[in-house]
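Have a look at the model first.

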Amino acid sequence: MTVKPSLTEQSAADGAAVETLLDLSFGPSRRTKTSYRLREGSSPLPHLSLVIREHELGLVGAISFWPLSVGPAETPAIMLGPLAVHPGRQRMGIGLELMREGIARAKAAGHGLIILIGDAPYYAREGFVQVPEGQIQVPGPVDPKRLLYLELIPRALAKTMGLALPPWRWREINALRAPT
Ligand SMILES: CC(C)(COP(=O)(O)OP(=O)(O)OC[C@H]1O[C@@H](n2cnc3c(N)ncnc32)[C@H](O)[C@@H]1OP(=O)(O)O)[C@@H](O)C(=O)NCCC(=O)NCCS
């Protein structure tokens, strides 16, 4: 009997399996990527870390979303990623299923803007497009063609400009700048 893969929220017990999946999918140098600087010191958003499990290989797909603040105005946005699918189960629709469900949940939770660094042809399938060059910076090297956004609230991008950082970093910078 074939048991259909199941999508659920990630639990604390999934942590090690997700890390192994990310190593398998992205390779061990993944932590040097700019996207890791955007997640540093933050926690993934609750209820938006999803996994897909199956009988044979166990955990075969994972996605998470992270809080961001953009620019000194600390305009909130969220970051999609990492999204990873087990090499033995790629191109079977698992990545798109995780992405669609994650986006739907993010929208239902009231988030307005998703940013990610990734392959434009893939993410275009769910409506992601390139951030206009220069509007949003990230703390590390990035190919501008890979810096993508999706508005969940119309015109959310228009008011979002500057350096994207984990929220705690902008809070600290602005606290240091504040007059005493
Ligand atoms: C990229 C990844 C998440 C896609 O997940 P997946 O489950 O393999 O992909 P899906 O089955 O949902 O994709 C469906 C379609 O997207 C296409 N696609 C998959 N990866 C793609 C990519 N990187 N660029 C463009 N198209 C891609 C597939 O060819 C497929 O096309 P089709 O419907 O015309 O056959 C997965 O392959 C992966 O984990 N890759 C390694 C890690 C990685 O690079 N992750 C981040 C991507 S920026």
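## A strand covered on both sides

Strand E5 has both faces covered: Leu113, Ile115 and Ile117 sit on one side, Ile114 and Leu116 on the other, and all are buried. Buried here means 20 or more other C-beta atoms (placed from the backbone) within 10 Å of the residue's own. Side chains in a regular strand alternate between the two faces of the sheet. That makes five of five buried residues for E5, which spans residues 113–117. Strands are DSSP runs of E, at least two residues long, and helices are runs of H or I with at least four, numbered from the N terminus.

This is a predicted model: local features need pLDDT of at least 70, side-chain atom pairs count only at pLDDT 80 or more, and totals for chains, interfaces and linings use all residues. Residues are numbered from 1 along each chain as its sequence is written.

## Who E5 pairs with

E5 pairs with E4 in the parallel sense over two bridges, with Ile115 as the bridge partner of Met79. Pairing takes at least two DSSP bridges between the strands. With strand E8 (residues 147–151), E5 pairs in the antiparallel sense over five bridges; there, Leu148 is the bridge partner of Leu116.

## The whole chain

What does the protein chain contain? Five helices and nine strands. Of its 180 residues, 32% count as buried. The C-alpha atoms fill a box of roughly 65 × 30 × 30 Å along the principal axes.

Technical notes
Buried ≥ 20, exposed ≤ 12 C-beta atoms within 10 Å, placed from the backbone.
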